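The following note sets out numbered points for a colleague who wishes to read this structure at the level of elements and residues. Please consider each point with the structure in view.

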Amino acid sequence: MDNKNKNRIKIDIAGTRFTVISEESELYTRSVAERLNSEVNAIRKAAPGLSANSAVMLAALNICDQLMKSEEDADSLRHQIKDYLNDAAKYRSSFEEAERENARLKKDLETLRKRLGEKSRLVSDPSPVSQPVKAVRRSAAVEAEDEGAEQVSFFGSRNKKNDNDKA
């Protein structure tokens with residue numbers, strides 16, 4: 001074992017001195033030892049008749065229990081995060097699809113507005129062919145009223161004047 005990068009730290013656990021060799025900092029190692037000592041002291045206060053060895057064993061058991069529960073919680077959180085990430089991916093996909101649909105609809109709307117503009121221009125500005133036809137119809141009607149002439153019917157209807165001439 002290479003001890004060049006290791007720290008040698010002297011700690012006291014329940015009245016017994018240890019030298020710990022660790023890659024962790026001295027501050028961290030001492031805080032771990034203090035946590036264990038705190039747990040041992042709490043057990044010794046709750047059960048004053050326990051030996052130091054039994055108190056250390058119960059403290060280790062309590063700390064292992066906390067560790068295992070923390071690991072289960074961490075696993076649960078990892079699963080929740082994974083589910084949230086999957087949901088986020090689905091929502092992102094739905095959002096991107098909605099954006100594409102929105103862009104397509106905007107393009108369709110613009111096309112329809114252009115078509116509507118062209119049609120309204122055609123309606124408001126009639127073609128030159130329709131003007132003379134209106135003028136001709138108007139002129140014939142005006143002439144018939146002005147001269148007091150009979151109106152001529154077409155398409156198989158008979159003119160009363162012609163019938164009287166024949167009789």
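1. Patches are made of residues with over 30% relative accessible area and no salt bridge, where like charges are joined within 9 Å and nonpolar side chains (Val, Leu, Ile, Met, Phe, Trp, Tyr) within 5 Å. A salt bridge is a side-chain nitrogen of Lys or Arg within 4 Å of a carboxyl oxygen of Asp or Glu. Accessible areas come from the Shrake-Rupley method with a 1.4 Å probe, and for residues only the protein chains shown count as cover. Leu77, Ile81 and Leu85 make a nonpolar surface patch of about 300 Å². Leu85 belongs to helix α2 and is exposed, at a relative accessible area of 56%; exposed means over 50%, buried under 20%, and partly exposed in between (1.4 Å probe, protein chains only).

2. The model is predicted: local features need pLDDT of at least 70, side-chain atom pairs count only at pLDDT 80 or more, and totals for chains, interfaces and linings use all residues. Residues are numbered from 1 along each chain as its sequence is written, and side-chain values use heavy atoms, with hydrogens and water left out.

3. The protein chain contains four helices and two strands, in the order β-β-α-α-α-α from the N terminus. Helices (H or I, at least four residues) and strands (E, at least two) are DSSP runs, numbered from the N terminus. Of its 167 residues, 8% count as buried. The chain exposes about 14,900 Å², of which carbon and sulfur atoms supply 54%.

4. Helix α1 (residues 26-46) has 21 residues and reaches 30 Å from its first C-alpha to its last, close to the 30 Å expected at 1.5 Å a residue; the expected span is 1.5 Å times one less than the number of residues.

5. Which residues of α1 are buried? They are Thr29, Ala33, Asn37, Glu39, Val40 and Ile43. They lie on the same side of α1 because they cover an arc of only 160 degrees around the axis, the arc being that of the directions from the helix axis to the C-beta atoms. Their cover includes β1 (7-13), β2 (16-22) and α2 (52-124). On the other side of α1, Leu27, Glu34, Arg35, Lys45 and Ala46 are exposed.

6. The loop between β1 and β2 holds Ala14 and Gly15. Phi of Ala14 is near 50 degrees, a positive value in a residue other than glycine. Most residues other than glycine have a negative phi. Gly15 counts as exposed, at 63% relative accessibility. The C-alpha atoms of Gly15 and Asn37 are separated by 9.1 Å, with the two residues 22 apart along the chain.

Technical notes
Contact means heavy atoms within 4.5 Å.
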